[in-house]
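I opened the notebook for a new model today. I wanted the overall build, then one residue in detail.

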Amino acid sequence: MKVPELLSPVGDMDCLKSAVQNGADCVYLGGAQFNARARATNFDDDGLRKAIEYAHLHNCRVNLTLNILLKNSELQDAIKLAVYAYNIGVDAIIIQDLGLADILHKLYPQIKLHASTQMTVHNLEGVKQLEKLGYTRVVLARELSIDEIKYIRENTSMELEVFIHGALCISYSGECLFSSMVGGRSGNRGECAGPCRMKYDLLEEDNGKSNTIDSGYLLSPHDQTAKDYLTQLIDMGIDCFKIEGRLKTPEYVGTVTRFYRKLIDEHINKNSELNNISSTEQELTQTFKRG
């Protein structure tokens with residue numbers, strides 16, 4: 001049975017340590033520029049080097065997020081960051097911009113490229129096309145059903161990564177323009193203001209009058225959790241399980257990582273002694289916070 005990689009979010013060094021100490025096989029983090037979580041603390045060049053050194057010392061891999069759409073004027077700096085990260089030992093780079101991926105694959109084919117969920121890869125044809133373009137892994141769109149994931153898995157040998165926990169966007173991955181339209185901050189530039197996470201009133205027009213028929217967090221789902229589908233995803237051979245949350249606290253990262261580490265190990269090892277996870281699951285529920 002293939003053991004899936006558990007991939008945890010890291011917004012700063014404290015989150016990195018929390019992820020590693022609670023069982024992450026790999027972490028993903030952003031540099032000082034060009035990543036989809038501009039509001040995270042992130043890592044400058046020296047911080048990135050220290051983060052990679054710490055993770056590798058504890059047998060944990062590191063993926064760098066270069067997962068926004070780039071302007072032409074930014075391309076050279078993005079390439080420079082990718083090459084720097086590779087030279088100091090980063091294990092893979094997560095990319096949304098096809099132009100950047102094409103350049104890196106042609107000039108530095110040794111760098112492993114992962115297709116970001118921001119690319120909206122939601123079918124087998126998309127996976128196969130990205131494989132032709134030199135990607136080694138695809139992070140599938142978060143809105144796929146278990147059956148759609150299974151179909152893709154059965155028809156490709158490409159590495160597949162799926163989200164198992166975190167904020168589920170109300171829109172399609174990589175396609176939302178809500179923040180851009182209402183606040184001039186683009187999610188595809190790492191600056192999403194999260195307007196879908198605010199409270200709204202649902203109005204109904206009746207003879208020219210507006211009546212409020214519902215109110216609250218109408219566009220904001222609770223954190224998704226794949227705990228009830230985890231054994232299916234393991235058995236179908238998914239390569240990597242990803243936790244969302246590079247803006248979260250070290251406590252959140254540690255709690256969620258520990259929870260899924262136990263679930264994965266329980267299924268892989270068939271160890272009933274690991275079955276008592278109720279206290280951790282309660283902690284998991286308490287970590288949810290909109291925003």
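What percentage of the 291 residues of the protein chain count as buried? I got 49%, with buried meaning under 20% relative accessible area (1.4 Å probe, protein chains only).

I noted that this is a predicted model, where local features need pLDDT of at least 70, side-chain atom pairs count only at pLDDT 80 or more, and totals for chains, interfaces and linings use all residues. Residues are numbered from 1 along each chain as its sequence is written, and side-chain values use heavy atoms, without hydrogens and water.

**Whole chain.** I counted 10 helices and 11 strands; these are DSSP runs (helices H or I, at least four residues; strands E, at least two), numbered from the N terminus. I looked up the C-alpha box along the principal axes: roughly 65 × 55 × 40 Å. The radius of gyration is 19 Å, which agrees with the value near 19 Å for a compact globule of 291 residues. That radius is taken over C-alpha atoms, and the globule rule is 2.2 Å times the number of residues to the power 0.38.

I then checked contacts (heavy atoms within 4.5 Å). Of those with a separation of 6 or more, 66% join residues 24 or more positions apart.

**T117.** I found T117 in the loop between β5 (113-115) and α5 (124-132). Is T117 buried or exposed? T117 is buried, at a relative accessible area of 7%. Beyond its neighbours within four places in sequence, T117 touches V139, L140, A141, R142, F163 and S173. A polar atom of the T117 side chain lies 3.3 Å from the backbone oxygen of L140.

Terms used
Buried < 20%, exposed > 50% of the residue type's maximum accessible area, 1.4 Å probe, protein only. Polar contact = N/O pair within 3.5 Å; in protein donor to acceptor, adjacent residues only side chain to side chain.
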